[in-house]
Each structure stands twice: as C-alpha cells, then as structure tokens.
Amino acid sequence: MFSFRFVLKNIMHLFIVFLGVSIFTFFISHVIPGDPARMLVGPHASQEALETTRVQLGLDKPIIVQYEKYMVDLVHGDLGTSIRTQRPVASELAKCFPATLELTMVAMFFAVVFGIILGVAAAVNRNKWIDHVSRIFSLVGVSTPLFWSGVIALIVFYKLIPIFPASGRIDTFLSPPPHITGIYIIDGLIAGNFAVVISAIHHIILPSVCLAYVQLAIVARQVRSSMIDVLEQDYIRTAKACGIPRRTIIYKYALKNALLPTLTVTGLTIGELLGGAIITETIFAWPGMGKYVMDSISFLDFPSIMGFTLVVSFSYVLINIGVDILYSFLNPQIKGVEK
Amino acid sequence: MIYSPKKVMAILQQNTLTLIGAMLVVFIIFIGFAAPFICPYDPNLMDIPARLQAPSLAHFFGTDEMGRDVFTRVIYGARISITVGLSIVIIAAGIGCFFGSISGYAGGKVDRIIMAATDMVLSFPSMVLALALTSAMGPGLFNTMLAVCIVRIPLYVRLMRGQVLILKQMQYVRAARTFGERPGKIVLHHIIPNCLTPLLVQMTLGIGDAILIASSMSFIGLGAQPPTPEWGAMIATARVYAIDQWWYAAFPGIFILITVMGFNLLGDGIRDILDPRSRD
C-alpha cells in the first residue's frame, strides 16, 4: 500500500526546506554584500541617489521587515528586477527555463542509461578488461573539468570532424516550433515538424553528452558496486543453483535490486547537472538559465543571480523529494519505517 | 592503523593505480614548488609579436593572445591550484570536524540545530551555492575559496558526526566518561584519533573536488581574475581562441585532469591501504 502519511510527511519536509532555502538566499542577498544599493547604482553614483535607492529597496528598514517583504514578493513570484535588462527576473528565467530543462533531461537520460549499462557490464565481468576500461572511463569522468571537456568536444567534433553544430538549439534557418512546452523536441513532435525535431536532436547531442559525462561516471560506479553486492547474495546463488539462465538472473533478479541505491544517486545527479548547465550552456551558446546567469555575472546583476539560485535550488529540492517518495514506493522495506 | 613504511611500499607496489596517483600528486606539487627553476619565461611576460604561436621548442605549449608562454603559465598554475585545493580542504575539514564532533557528542538540541544548518547547505547544488556566495562577497580567488569552503563543510560535519556516534558507544570511551574525563578531552584524545582514517580519505578525495569547483568558478569569472595564471581562468580566455588555437585551452585542462585524477587515485588508494576491509 502506498503510504499516504509518508507522502504527507515529505510535503511537510518540503515546506521546511523551502523556508530554509529562502532564509538562506535572503541572508546571502541582504546580509553578506556590503551594500546592495551601492551595487545597484554603481560606484560613481551620488550620495542622494544611493539614499533614494536604499529607501526604494527598503534597506533602511529593520531586517525582519526586509525579510517579510522578501517573502511576500517571493510567494507572489516576484524575484526582483534585473539590473542588466531592467525586466522582472522571474519572467526572464521562465523564458529560458525550458531550454535548461531540455538540456538537463537529455543529459540525465544519457547519464542514467549508459551509466547503468556500463555499471552492469563492469560488475558482471568483474576484473576483466571491460571492468578496467569502465573504471578508467569513470575515473577520467570524475576528474575532468566540465568546462574543459566542452571546449575539447568543440575542437574535435566541430573543427576537426565537423559532424555537430557549435551553438544554439536549432539551425538558424529554421523557425522554432510553436511554444507549448518550450522543449523544442517535444514541441516539434506535437507540431509534426520533423525537420525541427531532427535539428533539435542534432544540436543537443554534443552539449548534453558533455554535461552527462561526469554524472555518467558516478552512476556507473554506483551501479557497479551495488550490482556486485547484490550478485553475492544468497538468493542469487540459489537462482544459479536452480539452473536459471544467467541473463535472467542478471536482468530480472539482480538488476532490480541493484538499481534502488542508484535512484538516490540519480536525484543528487540532477543538482550537479543544473550547476553544470551554467558552464555547458555558456560554451555551447545554449539559451538557457545557465547562460542567462553567466551573462548576469559579468554585470554583477545580483537579483538575477539570486533568482537563478532560488529557482534551481527549489527545483533540486522538489526533485529529490520526488525521488524519496518514488524510492519508498519501489522499496517495500522502508515503507512505514521512520526516516 | 599504522603500517611500517616497508609495508606501505609493499601495498603500494601491489596497487599500481595508487602508485600512479601518488606519483601524479608528487609531480604536480614538485612542479609547483620548482616553477621558477623549470620555467624559461616569466608567467606574465608579454610578447605581442609572438602571440598565439603553436607549440614549438621555444614554447612547449605555444603562446597565448598576449604572447605569454603557456607552458610557464600552466606550471605556475600548479602552485595556485594546489594551494587553493589544500587550503579549502584543511579549513573545511577543520570547521566540519569541530561542529561534527560537537553535534555527535552533545546530541539533543545542539545536534538538531547543527544538522539543520548542514541540511540547509546541502539542499543547494554545490556549484550554484558557491556561485551565489562568491557573487555576494564579490569576485576574487580568496572569496571563491571561502565560498567553496562553506559548501564543503557539511561533508565533514556529517562524516565526523557519524564517526562520533559510533565511537561514543565504545567501551573505552564509556570508561573514560566513567572516570570523569571532560567531554572536550574525550573527543580530542579518544575519539578524533580514531576517526582519522575516513577523514584522511575524504580529505584526499576532497582536494581534487575542491580544485575542480574552484577552477570552475574561475572559468565562470568569479574566481581568480586575469592575468593570474589560474587554470580555469586561462581556459575561460582560451575558449575564444580554442577553435583555431587548440593548445591554449588544451594544456591547462590536461593539468587540471591529471591533478584531480592524482588526488582521486591517491584517496581511493589510501582507503584501501588503511582499511583492509574495502580491499577487493
């Protein structure tokens, strides 16, 4: 039975974490910087302009009042106004959110699918060449800086062997599909415009594979070690003794149990993918939230940076609570047990 | 668990990957220290006529857009990255151990407060939090180090707390308590020395990680500022030229890769050596 109380408890937990995250971002944005008003008006503004901005921002009021205003704005979906574009941060982020979602989801797909394949292959052929290759592949993966592998991928697959485009989401001569989800591959399919779909897939492969590589390595490591654990258990030995074919044992009996811990790793992976998107989107000129925040950084556009932090962290928390609920759903052992 | 140097060497020889890791780390530290003696040029010496030259005997790794020698800058970069990695990990581990052991030993309300703060930090993706903190404090290498440090502290708090919770129940710790030793002394003398193995492993693995995040921050433009020969910052500039001048971006990255890989291999190896249970 799916425990309703468990879900309820998770939702309570969600609220507490959201509150915590918002207090934290409030603290970072209102307490740490020497003077947000000074950052807004620039270093050469007059004293009067500075004072006016300070009153406008409510910085002359007590910190509790400032927090109240911050929370009220937040609940109303107001993340402030961008210094760089002079437009509301929330709508700017909403505009580039689908691009980031598309990129991270495809990267996630690569990381999980190939991570599992590699991990299983390594565990089943333990200490054989395939295991060693997978180990080295993973080691290089967790040690490679994302910003470097992106640049190298461009040099190799754009310059030397020109099979992938260097930037953008679709070819420039194509017009984007009508906005439904904002995810070009899905929107293109809905509109029946296959030229767009193919172009979108063609453009997404290189950035998403680069983004996925590190996480692929982590998933592969996790799958390998939990698969090895499972393969040594009694019920697998019994299955072997019963003469059940090896393939069935691996895929039907062992893999299912080995994938449970992988689920948790996958949830954490999303955070790294969202963080990594800042770098990947910049290198591949992918018009998502990461590129937006990168452009904001060069202007020290503080409201945009904090808005990005908040949106990404909220999505991250949300996804991980989803993973927790899914975990309890898939693993009967922890149901009803105090977390 | 302490082994004689001879035994450690024997284990190292059995474990080729650990040996490679140790050699990579020693190599990077060595070139960092010996930079002024190895390098043929000054890292900030500009030579505009010789800009963007391909690798040659005069410039092993070519030159950058100002005509500076990429080889020299990469070697000097080792100094920065090693310093950054080590200081982040040492400070984060120090603070983390302090709060972790308090949390584990004291329990109750103190434990709950410390763990709540830890969970709060962990509910942000690490890159994103580091970015938010650095941009709040202002760009620069020092602030980046501070930010990455804050992001990394929870790791050590959790590790230490877990260890303390186990060790607290041990007979000898209970005995010490019965004899009326003060909590601070028990933690310092009886608990911390027995947590060193996992701590050392975590710290070694953490150095590579810290170097990766710090150089990413420099790449983003929040960390080391040009003309500092920091690897991430170098690649950030090199990105513009990468398509036609591959060497400029390639070499700093290779050095990040081997440094981080060295620490990862060494960390895994130390775990295998100090904890025989995890050996295959």
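Two residues are in contact here if their C-beta atoms, placed from the backbone, lie within 7 Å. Keep that cut-off handy for the exercises below, and remember that this is a predicted model.

**Exercise 1. Work out which residues join α8(B) and α9(B), and how the two helices are oriented.**

Step 1: start with the residues. On the α8(B) side, pick out B:Tyr172, B:Val173, B:Ala176 and B:Arg177; their partners in α9(B) are B:Ile186, B:His190 and B:Ile191. Sorted by class, that contact has 5 nonpolar, 1 polar and 1 charged residues.

Step 2: now the geometry. Helix α8 covers residues 171-178 of chain B and helix α9 covers 183-191; their axes come within 11 Å and cross at roughly 150 degrees. Angles over 145 degrees count as roughly antiparallel, so α8(B) is roughly antiparallel to α9(B).

Step 3: α8(B) and α9(B) cross in a right-handed way.

**Exercise 2. Do the analysis again for α11(B) and α12(B).**

Step 1: take the axes. They come within 8 Å, with a crossing angle of roughly 155 degrees. That makes α11(B) and α12(B) roughly antiparallel to each other.

Step 2: check the hand. α11(B) passes α12(B) in a left-handed crossing.

Step 3: list who touches. α11(B) brings B:Trp231, B:Met234, B:Ile235, B:Ala238, B:Arg239 and B:Tyr241, while α12(B) brings B:Tyr248, B:Ala249, B:Pro252, B:Gly253, B:Phe255 and B:Ile256. The class tally for this contact is 10 nonpolar, 1 polar and 1 charged.

**Exercise 3. Is B:Asp244 buried or exposed?**

Step 1: locate the residue. B:Asp244 sits in the loop between α11 and α12 of chain B.

Step 2: count neighbours. A residue with 12 or fewer other C-beta atoms within 10 Å is exposed; B:Asp244 has 10 C-beta neighbours inside 10 Å, so it counts as exposed.

Step 3: look across the sequence. B:Leu52 is 192 residues away from B:Asp244 in the chain, yet their C-alpha atoms are 9.6 Å apart.

**Exercise 4. Find the buried side of α8(A) and say what it packs against.**

Step 1: pick the buried residues. In helix α8 (residues 184-191) of chain A, these are A:Tyr184, A:Ile185, A:Asp187 and A:Gly188.

Step 2: As a reminder, an α-helix has 3.6 residues a turn, so residues three or four places apart point the same way.

Step 3: find the neighbours. The buried residues of α8(A) pack against α5 (89-124) and α9 (194-231) of chain A.

Step 4: see what comes next. After α8(A) comes A:Gly192, with a positive phi near 70 degrees.

**Exercise 5. Zoom out: describe chain A, then the side of chain B that touches it.**

Step 1: count elements. Chain A has 13 helices and 0 strands. Its C-alpha trace spans about 85 × 55 × 40 Å along the principal axes, and 39% of its 339 residues count as buried.

Step 2: count the contact between the chains. Chain B puts in 34 residues and chain A puts in 41.

Step 3: The elements giving two or more residues are α6 (126-137), α10 (196-220), α11 (231-241) and α12 (246-274) of chain B. α12(B) supplies the largest share, 9 residues. By class, this side has 23 nonpolar, 10 polar and 1 charged residues.

Notes
Residues numbered from 1 in each chain as written. Chains lettered and ligands numbered in written order. Predicted model: local features only at pLDDT ≥ 70, side-chain atom pairs only at ≥ 80, totals over all residues. Helix = DSSP H or I, 4+ residues; strand = E, 2+ residues; numbered from the N terminus. Buried ≥ 20, exposed ≤ 12 C-beta atoms within 10 Å, placed from the backbone. Nonpolar A, V, L, I, M, F, W, Y, C, P; charged D, E, K, R; others polar. Axes fitted to C-alpha atoms, helices over the stretch in contact; angles between N-to-C directions. Parallel < 35°, antiparallel > 145°, perpendicular 65-115°, else oblique. Left-handed = near helix turned anticlockwise from the far one by under 90°. Arc of directions from axis to C-beta.
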